[in-house]
Amino acid sequence: MPKARLRNVATLALAPALAACIAPRPGPQSAPAPTAYLPPLGSNQVFRARTAAAPGHELIVADLRLPPDAVGEAHWHPWEEFLYVIEGSAVIDLAGRPRPLAAGESFVIPARTVHTPRAGPRGFRAIVTRVHDEGDPVSIPAGD
């Protein structure tokens, strides 16, 4: 048998073996898609730790989730509050000055500024970050 023909026969003989190596293998039925974690409504602290870079301070991170059209209580914080909106929308009332926020936006609420969150029609979810003096309260009601 000529060499070229022999090479073609060898290639044809190997093709099923090569295909078996790259073909999807039969397995169990497809697994259900993983579900995304959804925290309870309200402010859910997800991280709190002392900072080595600023002794006497701590970093606090929360996952804030409000239902559609919810209105939070007026309050303030001893330090700035940094928000990143994950989904939905809200209007943050900053001492009588409304500030609309939508998914993908970031915003800084100045220290000691009374503010009230008002969720939009689809609700609101944001990651909230603060740096506090250790021992400071996380939030103070506006009337205090």
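This is a predicted model: local features need pLDDT of at least 70, side-chain atom pairs count only at pLDDT 80 or more; totals for chains, interfaces and linings use all residues.

Colleague: Why is Pro39 called buried?

Modeller: Its relative accessible area is 1%, and the limit is under 20%, so Pro39 counts as buried. Pro39 sits in the loop between α1 (3-22) and β1; helices (H or I, at least four residues) and strands (E, at least two) are DSSP runs, numbered from the N terminus.

Colleague: What is Pro39 in contact with, leaving aside neighbours within four places in sequence?

Modeller: Asn44, Asp63, Arg65 and Arg125, where contact means heavy atoms within 4.5 Å. Arg125 is 86 residues from Pro39 along the chain, and their C-alpha atoms are 9.8 Å apart.

Colleague: And His132, why does that one count as buried?

Modeller: His132 has 0% relative accessibility, so it falls under the 20% limit too. His132 belongs to strand β7, and beyond four places in sequence it touches several residues, including Trp79, Pro137 and Val138.

Colleague: What makes the His132 side chain and the backbone oxygen of Pro137 a polar contact?

Modeller: A polar atom of the His132 side chain lies 3.3 Å from that oxygen. A polar contact is a pair of N or O atoms within 3.5 Å; within protein, one must be able to donate a hydrogen and the other to accept it, and residues adjacent in sequence count only if both atoms are side-chain atoms. On distance, 3.3 Å is within 3.5 Å.

Colleague: What makes a nonpolar core?

Modeller: Buried Ala, Val, Leu, Ile, Met, Phe, Trp, Tyr and Cys residues joined through side-chain atoms within 4.5 Å. The largest one has 16 residues, and Leu66, Leu83, Leu101, Ile109 and Phe124 have the most contacts inside it. β2, β4, β6 (106-109) and β7 each supply at least two of its residues, with the largest share, 5 residues, coming from β4. Ile109 touches Leu83, Ile92 and Leu94, among others, not counting residues up to four places away in sequence.

Methods: Residues are numbered from 1 along each chain as its sequence is written. Side-chain values use heavy atoms; hydrogens and water are left out. Buried means under 20% relative accessible area, exposed over 50%, partly exposed in between (1.4 Å probe, protein chains only).
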